[in-house]
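Visitor: I am new to protein models. Could you walk me through this one?

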Amino acid sequence: MTGALSTAALPPQTTASPVTERGFKDVLAHLPSGVTVLTTSGPDGAGAAGMTASAVCSLSLDPPMILACAADHSRTLARIRTTGVLAVNVLREDQVPLARRFADPHLDQDARFAATAHRLEDGLPVLDDALAWLTCTVQAAYPGGDHTILTAEVRRLGLGGGHPLLWHNRTFRILA
């Protein structure tokens with residue numbers, strides 16, 4: 001499902017609740033984020049791997065760096081740790097099927113890429129129709145609960161056209 005984000009005001013919640021897994025997820029589901037696909041290649045430039053990620057943001061302007069988070073059990077994270085490089089593909093509002101494809105844990109990497117037009121930039125898979133993309137070299141990896149926090153320096157970048165795909169309140173959204 002894809003919906004437009006509304007700016008209609010909701011009444012403020014005035015009571016505090018204890019922190020539970022469900023409450024934590026419910027609160028953070030209200031923080032909209034962009035949708036990306038992180039990609040990398042195998043050590044020999046073959047064997048592409050990719051995953052949908054919404055925890056990606058800018059980190060530094062000098063040098064240009066990003067921060068990305070990936071689940072510790074992710075096959076793509078394992079490959080990124082091996083290669084030390086990744087591409088960030090920012091998805092457009094019409095790319096919900098692509099976001100779902102790269103988020104499907106039952107779909108193998110070859111199937112993900114076979115159904116996705118892409119090219120190599122700096123030896124990394126970049127999705128042909130991405131809204132924007134970055135190729136990066138990982139600088140550090142930090143433990144973050146059940147995720148790993150990656151910091152990476154940007155090597156190259158590109159811009160496409162269109163509007164971003166967003167993730168908000170457990171569904172894909174578009175800007176209205």
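Guide: Start with a term. Helices and strands here are DSSP runs, numbered from the N terminus. Keep in mind that this is a predicted model.

Visitor: Where is the place of Ser-17?
Guide: Look at two elements, β1 (2-4) and α1 (21-28).

Visitor: Is Ser-17 buried or exposed?
Guide: The cut-off for exposed is over 50% relative accessible area. Ser-17 has 54%, so the residue counts as exposed.

Visitor: How many Å apart in space are Ser-17 and His-30?
Guide: In sequence, 13 residues separate Ser-17 and His-30. In space, taken C-alpha to C-alpha, the value is 16 Å.

Visitor: Which residues of helix α3 are buried, and where around the axis do they lie?
Guide: Helix α3 covers residues 96-103, and Val-96, Leu-98, Ala-99 and Phe-102 are buried there. They cover an arc of only 165° around the axis. That puts them on the same side of α3.

Visitor: What radius of gyration does the protein have, and why does it agree with a compact globule?
Guide: The protein has 176 residues. A compact globule with that number would have a radius near 16 Å. The protein agrees with this, because its value is 17 Å.

Visitor: What percentage of the 176 residues is buried?
Guide: A buried residue has under 20% relative accessible area. In the protein, the share of buried residues is 39%.

Visitor: How many helices and strands are there?
Guide: Both kinds of element occur in the protein. The count is four helices and 13 strands.

Terms used:
Residues are numbered from 1 along each chain as its sequence is written. This is a predicted model: local features need pLDDT of at least 70, side-chain atom pairs count only at pLDDT 80 or more; totals for chains, interfaces and linings use all residues. Side-chain values use heavy atoms; hydrogens and water are left out. The radius of gyration is taken over C-alpha atoms; the globule rule is 2.2 Å times the number of residues to the power 0.38. Buried means under 20% relative accessible area, exposed over 50%, partly exposed in between (1.4 Å probe, protein chains only). The arc is that of the directions from the helix axis to the C-beta atoms.
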